[in-house]
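Please keep the sequence and the model in view while reading.

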Amino acid sequence: METRRVGRSGLRVSRLGLGTLTWGRDTDEHEASEQLRDFADAGGTLVSTAASGSGEAEELLGALLDDVVPRRDLVLALRVGSRGLGAARRTDGSRRSLLADLDDSLARLRTDHVDLLLLGGTDRGTDRGGDVGDDGPGDGGAPVEESLAALAEAQRSGRARYTGLAEHGAWQTARAAALAQAGGAPLVAVEVEHSLVSRWADVDLRDAAAASGVGLLARSPLGGGVLTGKYRHALPADSRAASPHLVHVVEPHLDPSARGVVEAVRTAADGLERSPLEVALAWAADRPGVASAVTGDR
């Protein structure tokens, strides 16, 4: 698998990343082990997880490191500062919370460092409209300077090799990147939802990230599975849209405006003799500035 530099940093990641959102809940140890092994065998390196919920995904990933794939062969990305899913997500960008979350996650992951530490925000803190937080990364209320100082401390202590953002909009990314650069601990990445049915990053964020030397990690490149076409005619009983704790990933992309996109992807896939999944994933992974497209596979 192709590897790419993240922004202007020396960090390199695989073109496709492996997300672990469902691990420990919908994806059991056997399935996760197969995923991780096959991903690494194909040349994949970037594995993304988060300090959220009760830590099931991190604990499962930690149990598989070295036993299934050597820790040194993976680039672990960890999101801190936000907990919960969908409308229930809450953020806390304080130094105390961020460093405590990091230490707890490292214990669950059974490692002494992550390769990329991402400061999480909320959907309200992006440029998609609605209210925007004050100075902090979301609703947590901490000044962005305090949050960035915590990231820098994690980097200086060796607990994080690189740092970045998650779910931040264009102006927030540009401001945080400038402050971090001035503080001597540059940000290298911003992880955001980016797909053919969620293109808000195309408005200003890609340009802001490029100007700041920050690489994009495209989360949910299949639009929660909508772009595969599985929801064209029905709601599969075993799908994420039918799951109470994952419906928030899919529901925003089931509106009428997305149907035309799904049909266009299907038409393109037929013409290219490819699957809709391949077309949608290639679009997201190969957008300008995107270092990796991170998808939570079955």
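This is a predicted model: local features need pLDDT of at least 70, side-chain atom pairs count only at pLDDT 80 or more; totals for chains, interfaces and linings use all residues.

**Helix H4**
- Helix H4 comprises residues 144-156.
- Just after H4, Gly-158 adopts a positive phi of about 90°.

**The barrel**
- Eight strands form a closed barrel in the order E3-E4-E5-E8-E9-E10-E11-E12, and their pairing is parallel.
- From one strand to the next, the twist averages 30°.
- Strand E9 (residues 160-166) pairs with strand E10 (residues 187-193) in the parallel sense over four bridges.
- Within this region, Gly-164 stands opposite Ala-189 of E10.
- Helix H1 (residues 29-41) packs on the sheet, where it touches strand E3 (16-19) and strand E4 (46-50), and its direction makes about 165° with that of E3.
- Helix H4 also packs on the sheet, in contact with strand E8 (114-120), E9 and E10; the direction of H4 makes about 155° with that of E9.

**Helix H1**
- The buried residues of H1 are Ala-32, Ser-33, Gln-35, Leu-36 and Phe-39.
- Viewed down the axis of H1, these buried residues fall within an arc of 165°, so they line one face of the helix.
- In general, an α-helix has 3.6 residues a turn, so residues three or four places apart point the same way.
- The buried residues of H1 pack against strand E2 (12-14), E3, E4 and helix H2 (56-64).
- On the face turned away from the buried side, H1 carries the exposed residues His-30 and Asp-41.
- Asp-28 caps the N-terminal end of H1, with a side-chain oxygen 3.2 Å from the backbone nitrogen of His-30.
- Just after H1, Gly-43 takes a positive phi of about 100°.

**Arg-206**
- Arg-206 belongs to helix H6 (residues 205-211).
- Is this residue buried or exposed? Arg-206 counts as buried because its relative accessibility is 19%, and buried means under 20%.
- Apart from neighbours within four places in sequence, Arg-206 is in contact with His-194, Ala-201, Leu-216, Arg-287 and Pro-288.

Note on methods: Residues are numbered from 1 along each chain as its sequence is written. Side-chain values use heavy atoms; hydrogens and water are left out. Two strands pair if DSSP finds at least two bridges between them. Helices (H or I, at least four residues) and strands (E, at least two) are DSSP runs, numbered from the N terminus. Axes are lines fitted to C-alpha atoms, for helices over the stretch in contact, and angles run from 0 to 180 degrees between N-to-C directions. Contact means heavy atoms within 4.5 Å. Buried means under 20% relative accessible area, exposed over 50%, partly exposed in between (1.4 Å probe, protein chains only). The arc is that of the directions from the helix axis to the C-beta atoms. A polar contact is a pair of N or O atoms within 3.5 Å; within protein, one must be able to donate a hydrogen and the other to accept it, and residues adjacent in sequence count only if both atoms are side-chain atoms.
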